[in-house]
Amino acid sequence: MSGPSTFQPKNPVLKWIERRLPIFGLVHSSFVAYPTPRNLNYWWTFGGILSFMLGVQIVTGVILAMHYTPHADLAFNSVEAIVRDVDYGWLLRYLHSNGASMFFIAVYIHMLRGLYYGSYKEPREILWILGVIIYLLMMATGFMGYVLPWGQMSFWGATVITNLFSAIPYFGESIVTLLWGGYSVGNPTLNRFFSLHYLLPFVIAGVVVLHVWALHVAGQNNPAGVEPKTSKDTVPFTPYATIKDAFGLACFILFFFWFVFYIPNYLGDPDNYIPANPGVTPPHIVPEWYYLPFYAILRSIPDKLAGVVAMFSAILVLAFLPWLDSSKTRSMRYRPLAKQCFWIFVGVCLGLGYLGAKPPEGVYVIAGRILTACYFAYFLIVLPILSRIEKPRAVPNSIADDVLGKKKSVVASALAVIGVVGLLALDSGSTARASDHGSTPPSMSWSFAGPFGKFDQGQLQRGYKVYKEVCAACHSMNLVHYRNLTDPGGPGLSVAQAEALAAEIQVKDGPNDAGDMFERPGRIADKFPSPFPNENAARAANGGAAPPDLSLMAKARGYERGFPQFIFDAFTQFQEKGPNYIHALLTGFEDTPPEGFKLPDGSTYNRYFPGHAMKMPNVLSDDQVTYDDGTPQSVDQYAKDVAAFLMWAAEPKLEERKRLGFQVMIFMVILAGLLYFTKRAVWADAH
Amino acid sequence: MTTSSSAGQSRRDFLFVATGAVAAVGAAAAAWPLVAQLNPDASTIAAGAPIEVDLSPIAEGQDIKVFWRGKPIFISHRTKKQIEEARNVNVASLPDPQPDSARVKEGHDQWLVVIGICTHLGCVPIAHEGAYDGFFCPCHGSVYDTSGRIRQGPAPSNLPVPPYAFISDSKIKIG
Ligand code: FES
């Protein structure tokens, strides 16, 4: 993209095309011959990684849209149907949902790199501003995408974020109405968000083209921050940068796939596995982790309008960075003071992210205000002043000099690791609220935990028995069908067994030729029966609290693991909060509440239930369900078995996921290794 | 000197080819789920289970249309005359030669069960129309006889017979 190319294809067909549309020349000059500074480090591979992630999101997104239904009544179940029924649907969905997080991890690293090495300075101001625009578009896209599964967090996130606009004087309410297409967040909102969520990635792709164009005009910045002067300072993009980018990308994919295959729900919120309910707000609303710093800024300002203004300014201030920091030296490598302030700033952002996930009370509010002040101070006070008073160290004469005088910096990579861990630390979103007033459920050992975990078929069959004979009296399981009992990686019933179980129930069908509804015996395509005809009936029969559907229970509940435990959880692949909680709950009933606890009428005391007063009575007792395989018939065993069964119901593709994950990880390690050695071989003659 | 550098050269070449090949395998493997997801999903497959149809309400000379896997299935209760017509043809002269006996179940000659989708381009033919007292496709004029065999027009083959079986004299199971 840097002017007419001298590239001349030899093949006559290509020649013919090239004379009419110089596309090969364009590609050649932009991605082959394009001179790239020879001292770029791995932080520069994140541009390529981001392009890759945009591609992943668009491809998986287009596919998910083929199976998704944008309707308030159907969206939640259609997402679950993708995960449960579509071939590799679970993979595509987890790639897309975790892909969004990876996209933001990569973009934050990319931005911080720009910040550190002064990539926004003359002549790259427009390049930088285009980047800020891409970031804003990404935030809008990510937000609208999060609304689409139509879970509790989707719904309430949409409500809270759209209400931000109501802070605008005079027009606020009208703008919000326009966003909603109704009197509240509802079906019209979901439909327009779906449409825009599909559109915006292509807008992003368009701005990315401009971003890359501007990059190729100004040339890449580099860690030394001095412009290339002679051909000794640069190497051609291909093969040098290409192979380095490829290796960086392979490592990033390994990181990405760790989440996709082993901890796919780690970055998500359990509440989003509860279908949207306009009548009940979850006790603690948090946005996705990538918005948390800005959410913290919003909350730390006690005035509505000022809070919203502060939040948006926190992003927009980035666009003015080229003029706020007027230092002639680009790279902070040579600006000792600015460098320290930069790392403090990184800490401030992580801190804000941490606070964004905490409830807005007490010391958190004060800390939030201090960090918000620090955030703005960095851009509006520290950088402008530093750039005037700081005496930078001497920069190298040329990039070639920089390469020769370079010492391998381990510090940078160590900091990178800390940064990534810190980003994980922002994710208190996935820590649930059971512990707000309860005690922490003990961790059980589960056969399905860990990278090679598998369900214990006998346990699933026993759990199904407990569900059928006890839980099913009050709880539905609308997402599970009799056919699922025969699926690989499940309880492993034969088709005949599942057919016999299905035939035990009566299903309403019709109308027949005479126009009448009729009852017929169940088939394996039927879902498990609901004990109540509708939610109101369920509520009326259960003292006002409808027993929740159990299909996703094992993913819709969790509890706080606390810092730093939840960071280790990412490494140990801990994904068993739900079953732990279910087991604890079923064994946590106490006949007499502790001294001083006032138990409301019609409730039971439960040690692990948030607030302890539970509408559900203690329904399990020893020897209540008969086990044929000699397993002890104790409440504890029942609770374990049914918790395992519910885990399978919530995550039926767990075994397939872990099995494929292992193969993919091995493959990626091999590929990354090969790329590493290829990269070394390619670069050997550049040094 | 030259030998060692050429050995190094070929080792490098091998490395490049191996890396490229592994990357290509990875890209191809990644394409697999993207295509496989286009298959009918598990709920669609489960909904395509066999269906039972009660034949007793269908009088002689009448026919009904039922749906199985989203396809219309024609079930005709053929008259004596229609059966005769289907039998009295020179099978060898047909575009898609098939005797009537191969298209109905033995002992149930009066019942013709075919998938009502024209083998030309998929329109649904109209029963009891056309020159052969069978089916006529309005789209491009294909004519089928009382056995659902193609007799005239652009369709290349006979109306297919779905898998089905009689579970009693008046009940069939399709699928
Ligand atoms: S589709 Fe029936 S004749 Fe063309």
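What follows is a short tour, from the domains to the interface and then to some local details.

Keep in mind as you look around that this is a predicted model.

**How the chains are divided**

Start with chain A, where the domain assignment gives domain 1 (1-33), domain 2 (44-432 + 661-684) and domain 3 (457-480 + 527-652). Notice that domain 2 of chain A is written as two stretches, 44-432 and 661-684. If you take the C-alpha centres of domain 1 and domain 3 of chain A, they lie 65 Å apart.

Chain B is assigned domain 1 (1-39) and domain 2 (46-174). Here the centres of domain 1 and domain 2 of chain B, again over C-alpha atoms, are separated by 55 Å.

**Where the chains meet**

Now look at where the two chains touch. On one side there are 21 residues of chain A, in contact with 20 residues of chain B. Together they bury about 1800 Å² between chain A and chain B, and carbon and sulfur atoms give 75% of that area.

Which elements of chain A give two or more residues to this side? They are helix H3 (46-67), helix H5 (89-116) and helix H25 (654-684) of chain A. H25(A) gives the largest share, with 8 residues. Sorted by kind, the residues on chain A's side that touch chain B come out as 15 nonpolar, 2 polar and 4 charged.

How many salt bridges are counted between chain A and chain B? The count is 0. There are polar contacts, though: 5 residue pairs across the interface of chain A and chain B, with both residues at pLDDT 80 or more.

**A salt bridge inside chain A**

Over all chains, the structure holds 28 salt bridges. One to find for yourself is between the side chains of Asp641(A) and Arg462(A), at 2.7 Å from N to O. Asp641(A) sits in helix H24 (residues 635-650) of chain A and Arg462(A) in helix H18 (residues 457-469) of chain A, so this pair ties together parts that are 179 residues apart in sequence. As a general point, side chains of opposite charge can pair when their charged atoms come close.

**The sheet in chain B**

Over in chain B you'll find an open sheet of 4 strands, in the order S5-S6-S7-S8, with antiparallel pairing. Strand S5 (126-127) and strand S8 (150-152) of chain B are at the edges with a single partner strand each, so one side of each has no neighbour in the sheet. Elsewhere in the sheet, strand S6 (residues 133-136) and strand S7 (residues 143-145) of chain B pair over 3 bridges. To see one bridge partner up close, go to Phe135(B), whose partner in S7(B) is Tyr144(B).

Most residues other than glycine have a negative phi, and most peptide bonds are trans.

| Peptide bond | Omega | Where the proline is |
|---|---|---|
| Thr238(A) to Pro239(A) | near 5° | Pro239(A): helix H10 (residues 237-262) of chain A |
| Gly510(A) to Pro511(A) | near 0° | Pro511(A): loop between strand S3 (506-509) and strand S4 (518-521) of chain A |

Last stop: Tyr88(A), which is not a glycine but has a positive phi, near 60°. You can find Tyr88(A) in the loop between helix H4 (75-85) and H5 of chain A.

Notes
Residues are numbered from 1 along each chain as its sequence is written. Chains are lettered from A and ligands numbered from 1 in the order in which they are written. This is a predicted model: local features need pLDDT of at least 70, side-chain atom pairs count only at pLDDT 80 or more; totals for chains, interfaces and linings use all residues. Side-chain values use heavy atoms; hydrogens and water are left out. Contact means heavy atoms within 4.5 Å. Buried area is the accessible area (1.4 Å probe) that two parts lose on being put together, summed over both. A salt bridge is a side-chain nitrogen of Lys or Arg within 4 Å of a carboxyl oxygen of Asp or Glu. A polar contact is a pair of N or O atoms within 3.5 Å; within protein, one must be able to donate a hydrogen and the other to accept it, and residues adjacent in sequence count only if both atoms are side-chain atoms. Ala, Val, Leu, Ile, Met, Phe, Trp, Tyr, Cys and Pro count as nonpolar, Asp, Glu, Lys and Arg as charged, and the others, Gly among them, as polar. Domain bounds come from an automatic or database domain assignment. Two strands pair if DSSP finds at least two bridges between them.
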